[in-house]
Amino acid sequence: MATALICRRFPRLSRVTAFSTTAKCKAESGSSESEQKKAENPETANTRTESAATIQLLNPLDYRVLYNPSAYAKSRAASQQHAARNSGQALGDALTSPGSAQVQHTFGAASSQALPPLRNALPKARPNLLLEQTVSARLSAAQSKEEAEKEKREMHDSKEDPRVFQKGRPEYRSLSYDKSEPIETLPLEEGDSVLHSVAAHKGSQSPGAITDCFRKLSRLPAERHAALLSGPAFNTLCRCAVKSVRLFSTSDLIDILKACVRLVVPPAHPLLNACENEFCRRVWDMNLDQLLLVADCWRCLERSVPSYLSILFSYANMHWKDLTLPQLVQLVYIIGEGRRSPVDLMQKVESVILKYLDSFTLEEVGAICLGIFKSLSDISDHVMRKIADRVSLQMEDMSTYALVNVLKMLRYTRMDHLPLLKELGKVIPPRIPTVNIQGIMHITLTCSSLHYFDEGIMAAVAMSLPSKVMYCRSKDAAKFLWSFGCLDYEPPNEEEFYSSLIEQMHRKLHEFRKFPEHLLTGLLGLAFVKRFPEELIDYALRDEFVQKTRGSKYELEKDLFTLSRSVDIECPSYRGSRLPPQLSQEITEMVLNFAEQEIYVRPEIVEATSLLESMLGGPEYVKNHMILPHTRTSDLEVHLAVDGRPIPFNLKDLTADKKLKDIGVSLTDDLMTQLIKGRSSSQSPVEVEDEGRTPGQERGDRAALSGGALTADAKLQVEPKSGHCLESPTSLALNPQPRGVKLAIQVSNRNHYCYCSKRLLGLHCLKRRQLRQLGYVVVELPFWEWFPLLKRTRLEKLSYLHYKVFDPALLSSAG
């Protein structure tokens with residue numbers, strides 16, 4: 001057992017040997033001479049021992065290996081104890097030394113040799129076993145302490161952590177309930193006396209006496225609270241308080257509520273129902289300090305009180321100009337914990353935030369941001385930028401918890417505050433090992449949500465996460481995978497990083513039944529970086545899970561569609577569940593309808609489409625559509641033959657008149673001569689130009705722009721075979737097409753890239769990867785080139801598109 005513990009501490013040792021507890025000693029009646037020599041000289045035996053699959057464990061009458069190392073340490077022989085302590089200390093020192101070879105040899109030798117017969121082995125074996133037991137005890141104790149400290153760091157108390165700001169000013173004592181306030185414990189005898197008095201009066205006590213009973217009983221030791229709440233005398237006291245609730249003074253009623261907090265009265269208790277109703281009735285007769293204190297007590301009791309909060313917010317709306325700094329912060333805290341706030345109140349709160357912004361402590365800044373974030377309240381860019389300005393200057397002095405709350409709000413408002421983000425890259429990476437897993441998740445998610453890539457932050461997260469992964473909720477694991485996939489970042493320890501998170505996703509599979517959105521979030525993040533865990537994908541595409549997603553408050557159909565189609569394209573060997581065809585068709589139609597209304601009509605795409613049609617010869621040469629609907633972005637598809645000649649393929653709904661109208665060929669003298677002579681014009685559609693320019697100018701400009709992409713001839717003409725007539729676009733499409741290249745032209749924008757960089761985001765990396773896999777050549781019109789050109793002349797835009805479409809490298813790839 002000791003060796004097993006040690007092996008768990010040192011994983012490599014677990015492969016040294018396999019134990020067999022069924023083996024019996026065959027030498028109890030006698031032993032061979034060689035065995036006796038081995039027993040007398042264990043070192044010789046160790047050097048001669050070959051690797052064995054099993055170890056024979058002896059079971060003598062007077063010897064047992066106990067599980068508890070400390071129990072075994074109480075040996076009858078004091079000298080053996082002393083030897084074990086000395087050896088254990090020496091080995092303990094060896095365990096902490098840089099070299100581990102000696103340690104491995106010690107355990108390997110002890111565990112891999114077959115034990116000699118009892119009468120020879122027992123005296124020499126006992127110190128080694130004591131040594132193992134002692135070391136195991138110390139290692140276990142150290143490991144337990146380390147794990148306990150680590151678990152303590154990882155724990156997040158969602159009820160207490162947001163209240164840290166209340167310790168920063170004494171004024172909060174009148175606005176909030178302080179659990180840390182020292183209270184003199186009531187002796188048990190006095191508590192029994194109070195309960196006897198309640199029972200004797202049978203509920204006929206005065207309001208003052210009832211309040212005094214609550215004050216005293218709330219001072220009983222915490223271990224007595226459960227018994228007190230279930231006792232008949234306390235129930236009698238509560239019934240008496242309910243009957244007399246309107247007779248209490250406001251301060252007495254608040255004291256009863258505070259006593260309920262100390263006693264941890266259940267939130268649905270009848271006494272609390274009566275107190276809430278009475279406080280709602282008295283709101284307008286109370287001051288703001290009292291109102292905020294009562295609201296804080298309700299939070300401590302974890303009782304939802306929407307009616308009380310509505311009245312409190314109405315009161316604050318009328319007296320907002322009189323809010324002191326502590327009252328403001330406590331009010332925003334209550335707003336956040338209540339998860340709601342009136343819009344008109346928050347507009348007034350914003351102006352008060354600006355008033356006190358320079359006077360807030362950094363913890364109060366974090367509390368303000370958390371309250372606004374939790375209540376999903378709108379905040380102006382001006383106020384958020386002011387907060388970010390202050391934080392960026394004092395981030396080094398800010399607690400990580402308060403900083404994370406600011407980042408949540410930054411993410412919510414989509415605020416691209418570059419000074420704060422740059423400072424984050426300096427301050428956060430050294431802190432990551434000491435931050436709990438939820439804090440790390442919010443830091444990472446903020447970076448990905450803002451499309452901000454900082455390798456220092458991401459690498460620190462990746463290196464720290466595998467050792468913390470067991471503390472990940474399903475949400476945390478999913479957000480990590482999404483964030484790394486969104487930023488298309490695979491860290492130096494990518495295999496360990498991804499395998500640990502995928503394993504955690506498996507362990508948390510039961511949670512995805514309640515939160516299906518998290519599973520899809522994680523799987524999409526993995527798909528972005530070309531990782532497809534088939535078992536999880538099979539689970540996500542089963543009918544049962546698909547039905548759960550359709551009942552979610554989030555629109556998950558598009559995510560399912562993206563995952564399913566990505567698997568179809570990139571995992572040809574996948575044999576698991578798939579999205580039903582009917583559902584895929586419904587989602588496709590939904591996506592395409594959205595694209596027609598919102599994407600295809602964007603000015604940068606419309607302009608590119610129009611110019612390409614003009615340059616290539618008409619709409620039959622260009623198709624503005626979604627080649628991959630599951631990626632939710634459009635493409636301009638163009639087909640080229642190996643000789644650079646555009647191939648018409650977009651023939652849907654084209655009428656004869658439209659074809660002739662959109663050909664756009666200028667009737668020049670050269671063209672008329674060719675037509676009269678009966679020669680088909682195979683002039684490159686690149687020559688289709690602005691009608692206001694002369695043919696000579698057109699040919700000269702295009703010759704300069706082509707760079708030899710099509711031909712070295714300045715006229716840019718591709719001569720057809722002699723005797724062929726002029727072919728219509730339809731006949732060209734019906735005839736077998738020459739081998740060529742399919743272009744997927746991407747009109748990108750800033751949202752396709754990381755913030756202030758040319759680093760493509762994960763979804764768009766996935767799209768381009770899949771387009772290439774389907775045989776397309778991806779051509780990009782990057783926003784930093786195309787958007788400025790939209791303000792330039794038509795010739796400049798056409799020149800740019802010609803350069804992009806007729807790149808010689810594209811044509812050579814078709815050969």
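Me: In which hand, left or right, does H16 pass H17?

Reply: The model is a predicted one. In it, H16 passes H17 in a left-handed crossing.

Me: At what angle do helix H16 and helix H17 pack, and how far apart are their axes?

Reply: The angle is taken between the N-to-C directions of the two axes. Helix H16, residues 325-338, and helix H17, residues 343-356, pack at about 140°, and their axes are 11 Å apart. H16 is therefore oblique to H17, since only angles over 145 degrees count as roughly antiparallel.

Me: Which residues of H16 meet H17, and of what class are they?

Reply: Contact is read from heavy atoms within 4.5 Å. From H16 come Leu325, Leu328, Leu331, Val332 and Ile335, and they meet Leu345, Met346, Val349, Val352, Ile353 and Tyr356 of H17. By class, this contact has eleven nonpolar residues, with no polar and no charged ones.

Me: Is tyrosine 356 buried or exposed?

Reply: A residue is called buried when its relative accessible area is under 20%. Tyrosine 356, which lies in helix H17, has a relative accessible area of 15% and so is buried.

Me: Which residues is tyrosine 356 in contact with, leaving aside its neighbours within four places in sequence?

Reply: Tyrosine 356 is then in contact with Leu323, Thr324, Leu325 and Leu328. As for threonine 324, its C-alpha atom is separated from that of tyrosine 356 by 9.0 Å, although the two are 32 residues apart along the chain.

Me: Where is arginine 575, and is that residue buried or exposed?

Reply: Arginine 575 is placed in the loop between helix H29 (557-570) and helix H30 (581-598). The cut-off for exposed is over 50% relative accessible area. Arginine 575 counts as exposed because its relative accessibility is 68%. Arginine 575 and glutamate 534 are 41 residues apart in sequence, and their C-alpha atoms are 8.8 Å apart in space.

Me: How do the axes of helix H26 and H29 cross?

Reply: The axes of helix H26 (residues 516-528) and H29 come within 10 Å and cross at roughly 40°. This crossing is left-handed. H26 contributes Leu520, Leu523 and Leu524 to the contact, and H29 contributes Asp559, Leu560, Thr562 and Leu563. Sorted by class, the residues of this contact are five nonpolar, one polar and one charged.

Me: Which residues of H23 and H24 meet, and at what angle do these helices pack?

Reply: Helix H23 (residues 455-468) and helix H24 (residues 474-486) pack at about 145°, their axes being 12 Å apart. H23 passes H24 in a left-handed crossing. Met458, Val461, Ala462 and Leu465 of H23 meet Phe480, Ser483 and Phe484 of H24. The contact of H23 with H24 divides into six nonpolar residues, one polar and no charged.

Me: How many helices and strands does the protein chain have, and what share of its residues is buried?

Reply: The protein chain has 39 helices and five strands, and buried residues make up 49% of its 815 residues. Its accessible surface comes to about 40,400 Å², with 52% belonging to carbon and sulfur atoms.

Me: What share of contacts in the protein chain joins residues at least 24 apart?

Reply: Among contacts between residues at least 6 apart in sequence, the share joining residues at least 24 apart is 78%.

Definitions and conventions:
Residues numbered from 1 in each chain as written. Predicted model: local features only at pLDDT ≥ 70, side-chain atom pairs only at ≥ 80, totals over all residues. Heavy atoms only, no water. Axes fitted to C-alpha atoms, helices over the stretch in contact; angles between N-to-C directions. Helix = DSSP H or I, 4+ residues; strand = E, 2+ residues; numbered from the N terminus. Parallel < 35°, antiparallel > 145°, perpendicular 65-115°, else oblique. Left-handed = near helix turned anticlockwise from the far one by under 90°. Nonpolar A, V, L, I, M, F, W, Y, C, P; charged D, E, K, R; others polar. Buried < 20%, exposed > 50% of the residue type's maximum accessible area, 1.4 Å probe, protein only. Areas by Shrake-Rupley, 256 points an atom, 1.4 Å probe, with all protein chains shown as cover.
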